[in-house]
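This briefing is meant to be read alongside the sequence and the model.

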Amino acid sequence: MKTFSATPADIEKKWIVIDAEGVVLGRLASIVAMRLRGKHKATFTPHMDMGDNVIVINADKVQMTGNKRADKKYYWHTGHPGGIKHRTAGQLLEGEHPERVVTAAVKRMLPGNRLSRKIMTNLRVYAGSDHPHEAQAPDVLDVKSMNSKNTRS
């Protein structure tokens, strides 16, 4: 029996939409990363972009366990001496771009290579409940019902 290796003609991409309201951030990010990579498919090939296009809505209503909303910090550097800055996860979620928290969590669950940077283009994250991808007829993936630990009240 020969090992199956997918070619670009074998790849079939679907569109899925995930509602992040009330879902724990890390559990959401791991499910989204698996879907983006294509590891849920039987024809998974590590060197190909096999994954689906994922739309995440209500990213501003994502939950965090413990004190992560106040303690988790996102750092960046301005390029000047002593220019390290940070914001907490709570500040980002309440700020102008709350979808960046979900995007950063998913990006950090993918390997750091060229393929992962290409795979990240298949992710769309929106802070609100509406998105401009209705024409693609995305399937709904209910992350809340997958496991009781996925939600936090």
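W15 has a relative accessibility of 19%, and because buried means under 20%, W15 counts as buried. The model is a predicted one, and W15 belongs to its strand β1, which covers residues 15-19.

**Surroundings of W15**
- Leaving aside residues up to four places away in sequence, W15 touches N53, I55, R124, H133, Q136, P138 and D139.
- Between W15 and S5, which are ten residues apart along the chain, the C-alpha separation is 23 Å.

**The largest nonpolar core**
- The largest nonpolar core has 33 residues, of which L28, V32, V56, V106 and L123 touch the most other members.
- At least two residues of this core come from each of β1, α1 (25-37), β2 (53-57), α3 (89-94), α4 (99-107), α5 (114-119) and β5 (123-125).
- The largest share, seven residues, is supplied by α1.
- When residues up to four places away in sequence are not counted, V32 touches I18, V54, V56, V106 and L123.
- As general background, nonpolar side chains tend to be buried together in soluble globular proteins.

**Helix α1**
- With 13 residues, α1 reaches 18 Å from its first C-alpha to its last, which is close to the 18 Å expected at 1.5 Å a residue.
- After α1 comes G38, whose phi is positive, near 95°.

Methods: Residues are numbered from 1 along each chain as its sequence is written. This is a predicted model: local features need pLDDT of at least 70, side-chain atom pairs count only at pLDDT 80 or more; totals for chains, interfaces and linings use all residues. Side-chain values use heavy atoms; hydrogens and water are left out. Helices (H or I, at least four residues) and strands (E, at least two) are DSSP runs, numbered from the N terminus. Buried means under 20% relative accessible area, exposed over 50%, partly exposed in between (1.4 Å probe, protein chains only). Contact means heavy atoms within 4.5 Å. A nonpolar core is a set of buried Ala, Val, Leu, Ile, Met, Phe, Trp, Tyr and Cys residues joined through side-chain atoms within 4.5 Å. The expected span of a helix is 1.5 Å times one less than its number of residues.
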